[in-house]
Amino acid sequence: MTGILWVHLVKDLRIEWRSREAVNSMLFFALLVVVLFSLSFDPQGAFSRDIAGGVLCVATMFASVSALNQAWAREIRHQVLDAQRMAPTPGADMFLAKVLANFLFVTVVQVVLAPVFVVMYNLRILGDAWKLALVLPLGTWALVANGTFFAALSIRSRNRELLLPLILFPIFMPALLAMVLATGSILTGDSDPTLWIKLLLGYDIIFTTVSLLLFEIVLHAE
Amino acid sequence: MPASSLAPARPSLCARLDQVSKLFGSFAALRHVSADLESGRCYVLLGENGAGKSTLLRILAGLLHPSLGTVRVFGDSEPHKARARIGYMSHAPMLYDELTAQENLRYFRNLYPGRDCLTPAEALRQVGLDPDLDRTLGQYSQGMRQRTSLARVLLPVPELLLLDEPFSNMDIESARQMVELLAGFRQTNRTIVITTHQRDLAAPIADWIFTLHAGRVASFDPGKPSV
């Protein structure tokens, strides 16, 4: 971790600590999705284990979109991004700090959501529960790394709230499927999720690298 | 200088605009603007809203690329490469509402590693603000935000200061203090470009006064600096 990355990260965390905009909006939205699904399907036993992975991932995905948009809206609000562009530091540090900050915010939401989720869906994990500690961070990283990049790409657009999910969701689809299938495998204990975990890891490495390489162009685009 | 009187490059040349045009779609914000900016001079840009003043400043800052023509800042044809030596102040504060002035400035200071920057407290004192003020920027008045924004620009001790409407939202006394401060910078061989609607305020430090009209240089007159 370079010093500049740390400078950006501390700033992002401090601003979120004071405003709590991202975490509050994500938490409220994710809780709403989880509760509404549990009321709609009345999940019990094996059925709840089948759908739980999908519900958790989709709830996280939709909730994250608001936070991802807010992350860059803050930089645009008083043209702070222009001041950052004037500084002689690499954009990649700013991007990676933003991804780390968003990753932490989404993780906080997942940690709060998890017990509610277990209770509402009467879950009992039949597979290796510890593997969730691999699947969820890897899936979350895939979401926030792509989401942060595409949010930056769409930030100058007038319809950015609409544009971000339109670009992000199709590209995130392979990671979403891997995340849902891996979570489902762990919850039901029916199959081995290792292949899906490897896929998530590969996806994270490729998309994070590409985003880092392209971010400088996005940052200085007019 | 206007296009017709481009002087050969001199060692003291800070920036040169040569036939610069900027198009936004079919709208030409700047049309064939040429000028030489010498080190240690203060240039005041006048013009009505939409005349192209801010666009010109953003091109000099390297935040916009000209559609036609060339810009050289500190001899480099890509101004963004010289960005560490340029201080740009927009009409927006370019700071975070959620942080205090000190926190904002500390953050930006850290983005200039290896450069001999002012401390946040020094920069705030220079613009007449109390560095110990423990309020977030969101609770500042417009004038105080404007001063904090200038303090941010001063942090890396830039050699070229580009100030877009620096006196807006300021009371007369604060604006005069800022003019005196800028006069001091000019004496340290720093180049200043100011856009303003308040000609009377900026005139005492102006070496040259540009007037832009519909993206063209309408006039280019010598000033009578008195501060």
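How many bridges pair strand E1 (residues 13-24) of chain B with E2(B), and in which sense, parallel or antiparallel? The answer is eight bridges, in the antiparallel sense. The legends below concern a predicted model, in which local features need pLDDT of at least 70, side-chain atom pairs count only at pLDDT 80 or more, and totals for chains, interfaces and linings use all residues. Residues are numbered from 1 along each chain as its sequence is written, while chains are lettered from A and ligands numbered from 1 in the order in which they are written.

**View 1. Chain B as a whole.** Chain B has six helices and nine strands; helices (H or I, at least four residues) and strands (E, at least two) are DSSP runs, numbered from the N terminus. Its radius of gyration is 17 Å, close to the 17 Å that the globule rule gives for 227 residues, so chain B is as compact as a globular protein of that length. That radius is taken over C-alpha atoms, and the rule is 2.2 Å times the number of residues to the power 0.38. The C-alpha trace of chain B spans about 50 × 35 × 35 Å along its principal axes. Of the 227 residues, 47% count as buried, meaning that 20 or more other C-beta atoms lie within 10 Å of the residue's own; 12 or fewer make a residue exposed, values in between make it partly exposed, and C-beta atoms are placed from the backbone.

**View 2. The three-stranded sheet of chain B.** An open sheet has the order E2-E1-E4 in chain B, with antiparallel pairing; two strands pair if DSSP finds at least two bridges between them. Strands E2 (27-38) and E4 (68-73) of chain B are the edge strands, each pairing on one side only. From one strand to the next the twist averages 15°. Axes are lines fitted to C-alpha atoms, for helices over the stretch in contact, and angles run from 0 to 180 degrees between N-to-C directions. B:Val20 stands opposite B:Val33 in E2(B).

View 3. Strands E6 (residues 160-164) and E7 (residues 191-195) of chain B run parallel and are joined by five bridges. B:Leu162 has B:Val193 in E7(B) as its bridge partner.

**View 4. The contact between chains A and B.** In this view, 24 residues of chain B are in contact with 21 residues of chain A; contact means that C-beta atoms, placed from the backbone, lie within 7 Å. On the side of chain B that touches chain A, H2(B) gives the most, with three residues.

**View 5. Helix H7 of chain A.** Helix H7 (residues 160-188) of chain A has a kink of about 55° at A:Met173, shortly before the proline A:Pro174. The bend at a residue is the angle between axes fitted to the seven residues ending there and the seven starting there. Just after H7(A), A:Gly189 takes a positive phi of about 75°. A:Arg160 is placed in helix H7 of chain A and counts as partly exposed, with 17 C-beta neighbours inside 10 Å.

Key: Contact = placed C-beta atoms within 7 Å.
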